[in-house]
Amino acid sequence: MKLVFSILAGVVVLGGAALAQPPLEPSPADPATSLFTTRCAACHNDFVNNAPTLFTLQAYKPEVIVTALKTGKMARMAMGLSDEEIASIAKFITTKAGA
Ligand code: HEC
């Protein structure tokens with residue numbers, strides 16, 4: 001059942017993405033887009049190891065994402081990112097991605 005839901009949710013996310021928005025591609029105008037694409041998308045654009053998808057992450061508060069990246073579950077993934085970069089990724093996820 002969980003798998004079926006995952007597949008359905010994936011179709012909805014992908015279908016919506018194809019219709020309503022350009023693909024997430026690195027954009028020189030917005031460094032956060034390329035940071036997300038290179039550092040996060042591999043796991044969060046898809047159902048990798050139960051990682052919440054971008055679709056799910058959009059519902060998070062930016063502070064929750066920042067905390068996850070600085071001291072929480074994603075601290076290892078965010079290694080080397082500056083405070084500004086982390087803040088920009090949180091903003092990107094919650095304001096731009098898929099909106
Ligand atoms: C190697 C795969 C991988 C990469 C790369 C990755 N994540 Fe995650 N992320 C996960 C998984 C798996 C979970 C679920 C962890 C759990 O709930 O135990 C997760 C959870 C999260 C959560 C929720 C944390 C919480 O406390 O519930 C956020 C926010 C998040 N990731 C953001 C990011 C951002 C932003 C990046 C890029 C800097 C990133 N992740 C890179 C795999 C990844």
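Me: How many C-beta neighbours does Lys-91 have inside 10 Å, and as what does Lys-91 count?

Reply: The general idea is a neighbour count: with C-beta atoms placed from the backbone, a residue is buried if 20 or more other C-beta atoms lie within 10 Å of its own, exposed if 12 or fewer, and partly exposed in between. Lys-91 has 16 such neighbours inside 10 Å and therefore counts as partly exposed. This is a predicted model, in which local features need pLDDT of at least 70 and side-chain atom pairs count only at pLDDT 80 or more, whereas totals for chains, interfaces and linings use all residues. Residues are numbered from 1 along each chain as its sequence is written.

Me: Where does Lys-91 lie, and which residues does Lys-91 touch, not counting residues up to four places away in sequence?

Reply: Lys-91 lies in helix 6, where helices (H or I, at least four residues) and strands (E, at least two) are DSSP runs numbered from the N terminus. Two residues are in contact if their C-beta atoms, placed from the backbone, lie within 7 Å. Not counting residues up to four places away in sequence, Lys-91 touches Ala-32 and Pro-62. Lys-91 and Ala-32 are 59 residues apart in sequence, while their C-alpha atoms are 8.3 Å apart in space.

Me: Which residues is Ser-88 in contact with, leaving aside its neighbours within four places in sequence?

Reply: Ser-88, which is also found in helix 6, is in contact with Pro-31, Ala-32 and Leu-35 once its neighbours within four places in sequence are left aside. Ser-88 counts as partly exposed because it has 18 C-beta neighbours inside 10 Å.

Me: How should I read the packing of two helices, and at what angle do the axes of helix 2 and helix 6 cross?

Reply: Two packed helices are described by the angle between their axes and by the distance between those axes. The axes are lines fitted to C-alpha atoms, for helices over the stretch in contact, and angles run from 0 to 180 degrees between N-to-C directions. Here the axes of helix 2 (residues 31–39) and helix 6 come within 9 Å and cross at roughly 90°. That makes helix 2 roughly perpendicular to helix 6, given that angles under 35 degrees count as roughly parallel, over 145 as roughly antiparallel, 65 to 115 as roughly perpendicular and the rest as oblique.

Me: Which residues meet there?

Reply: From helix 2 come Pro-31, Ala-32, Thr-33, Leu-35 and Phe-36, and these meet Glu-85, Ser-88, Ile-89, Lys-91, Phe-92 and Ile-93 of helix 6. The residues of this contact divide into seven nonpolar, two polar and two charged, with Ala, Val, Leu, Ile, Met, Phe, Trp, Tyr, Cys and Pro counted as nonpolar, Asp, Glu, Lys and Arg as charged, and the others, Gly among them, as polar.

Me: Which residues of helix 2 are buried, and why do they line one face of the helix?

Reply: In helix 2, the buried residues are Ala-32, Thr-33 and Phe-36. Seen down the axis of helix 2, they fall within an arc of 105° (taken over the directions from the helix axis to the C-beta atoms), so they line one face of the helix. These buried residues pack against helix 3 and helix 6.

Me: Which residues of helix 5 are buried?

Reply: In helix 5 they are Ile-65, Val-66 and Leu-69. Viewed down the axis of helix 5, they fall within an arc of 100°, so they line one face of the helix. What covers them includes helix 4 (54–57) and helix 6 (83–96). Leu-69 is buried because 24 other C-beta atoms lie within 10 Å. Neighbours within four places in sequence aside, Leu-69 is in contact with Met-74, Ala-75, Ala-78 and Ile-86.

Me: How many residues surround the ligand?

Reply: A residue is near a molecule or strand if its C-beta atom, placed from the backbone, lies within 6 Å of it. Here 21 residues surround the ligand, the closest being Cys-40, Cys-43, Ala-51, Ala-68 and Met-77. Helix 3 (41–44) and helix 5 (62–70) each supply at least two residues of this shell. By class, the shell has 15 nonpolar, four polar and two charged residues.

Me: What is the phi of Asn-50?

Reply: Most residues other than glycine have a negative phi. Asn-50, although it is not a glycine, has a positive phi of about 65°. Asn-50 lies in the loop between helix 3 and helix 4 and counts as exposed, with 8 C-beta neighbours inside 10 Å.
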